[in-house]
Amino acid sequence: MKRITITTLLFTISFIMATAQEWPVANPEARPSTRWWWLGSAVDKTNLTYNLEQYAKAGIGGVEITPIYGVQGNDANDILFLSPEWMQMLQYTQDEGKRLNIMVDMNTGTGWPYGGPSVSTEDAATKAIFQEYILQGDEQLKESVEPTDEKHRTVASLSRLMAYSDKVQILYLTGKVKNGKLDWIAPQGKWKLIALFNGKTFQMVKRAAPGGEGYVMNHLSAKAVDNYLHNFDKAFSINKVSYPHTFFNDSYEVYGGDWTPELLDEFAKRRGYKLENYFPELLDTTFINGKRPEKTVRIISDYRETISELLKENFTRRWTAWAHRNGNINRNKAHGTAGLSLIRIPEPT
């Protein structure tokens, strides 16, 4: 028994010592990764290889390409984002990454937030523009129903024109507006008219790389998101370039993007009542004993919930599903997500 026990023990010790000397090679995902700014996307194969080899020697397991603005004086070497030359540089980087066991990720855009030259005015980040008018009985609105801010007049569209009386009557007047003129005479009483326009934030991509300049897209619109991602599918397909390991979203930060044209319909479907029937309460900024009216607080809460759902469904999940269809994953930086101008709560006076 002793001889068998000693033999077994020696075998076990020998096995452990042999195993300890054969450490497994760490996979890329087990090693640190790094952000890799492509300034102006002014890259070339020689320096791409040099950088990647240096990263490999340092133990880096992944690089995250984010193209941004170029270096002053080096403009001649800039490469336009998603151009054939840019796509060739991306493929070369992925090939070198495979050789060096380094994962290659990329931003689904340049700078931040998502947007660029492919984003039309229609698909650009949208904001709500509310305007109020007061009429007495038998009066007709003399003003044009259009945004007072001239820069919005050519891009904003009328979504709703609502009338609310001091006798708690609610009327839909949108269909009575022709060429900016309201064909309606107010019944007896005092009336508050509230017009809602689908306006634009006019926000441009921040720190955009050459070829990535343009409007920020409407993240709340499924159509706008699909159109934006189709531009990437087109670039990868035409240039026969493989998709990267991971797509990255470098920050939400859509400032003032508090609306989307389909929001009222989505609100009614999700919350069970029509938000346009409560525009006065939604826009009420009064305080009673240091608090906002209960109805206003509840309506704003429902509005926020609807915005949250649209962002999650029409952008985050849609972008994720797109990445999965192309055989990769994604990574989201949600910084700035709550920056919605409509829901700012004023301080009590």
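Reader: Which residues of α6 meet which residues of α8?

Author: Bearing in mind that this is a predicted model, the residues of α6 in the contact are L263, E266, F267, R270 and R271, and they meet D302, Y303, E305, T306, I307, E309, L310 and E313 in α8. Sorted by class, this contact between α6 and α8 is made up of seven charged, five nonpolar and one polar residues.

Reader: And what is the crossing angle between the axes of α6 and α8?

Author: The axis of α6, which covers residues 263-271, crosses that of α8, residues 294-325, at roughly 105°, and the two axes come within 10 Å of each other. Angles of 65 to 115 degrees count as roughly perpendicular, and therefore α6 and α8 are described as roughly perpendicular to each other.

Reader: Let's turn to the sheets. What is the strand order in the open sheet of five strands?

Author: The order is β1-β2-β3-β12-β13, and the pairing in this open sheet is parallel. The edges are taken by β1 (33-39) and β13 (329-332), each of which has a single partner strand, so one side of each is left without a neighbour in the sheet. From one strand to the next, the twist averages 25°.

Reader: How many bridges does β12 share with β13?

Author: Strand β12, residues 246-249, pairs with β13 over four bridges in the parallel sense. As one example from that pairing, N249 has N332 in β13 as its bridge partner.

Reader: Which helix lies across β1, β2 and β3?

Author: That is α3, residues 84-100, which lies across β1, β2 (62-68) and β3 (103-107) and runs at about 150° to β3.

Reader: Now the sheet of four strands: is its pairing parallel or antiparallel?

Author: The pairing is antiparallel, in an open sheet with the strand order β5-β10-β6-β7. Here β5 (126-136) and β7 (170-172) stand at the edges with a single partner strand each, so one side of each is left without a neighbour in the sheet. The twist from one strand to the next averages 20° in this sheet.

Reader: What joins β6 to β7?

Author: The two strands run antiparallel and are joined by three bridges, and within that pairing A163 has L171 in β7 as its bridge partner.

Reader: What is the lining of the largest pocket like by class?

Author: The pocket lining has seven nonpolar, four charged and three polar residues.

Reader: How many cavities of 30 Å³ or more does the structure hold?

Author: There is one cavity of 30 Å³ or more, and the space in the largest cavity comes to about 30 Å³. The residues that line the largest cavity are A125, T126, M217, N218, H219, L220, Y252, V254, G257 and W259. By class, that lining has six nonpolar and four polar residues, with no charged residues.

Reader: Last topic, the backbone: which peptide bond is cis?

Author: The bond from W112 to P113 is cis, with an omega near -15°, and P113 is located in the loop between β3 and β4 (115-116).

Reader: And what is phi of F202?

Author: Phi of F202 is near 60°, which is a positive value in a residue other than glycine. F202 sits in the loop that runs between β10 and β11 (215-216).

How values were computed. Residues numbered from 1 in each chain as written. Predicted model: local features only at pLDDT ≥ 70, side-chain atom pairs only at ≥ 80, totals over all residues. Heavy atoms only, no water. Axes fitted to C-alpha atoms, helices over the stretch in contact; angles between N-to-C directions. Parallel < 35°, antiparallel > 145°, perpendicular 65-115°, else oblique. Contact = heavy atoms within 4.5 Å. Nonpolar A, V, L, I, M, F, W, Y, C, P; charged D, E, K, R; others polar. Pairing = 2+ DSSP bridges. 1 Å grid on protein atoms, 1.4 Å probe; cavity = no way out; pocket = protein on both sides within 12 Å on 5 of 7 lines; lining within 4 Å. Points joined across faces, edges and corners; volume = space filled by probe spheres on them.
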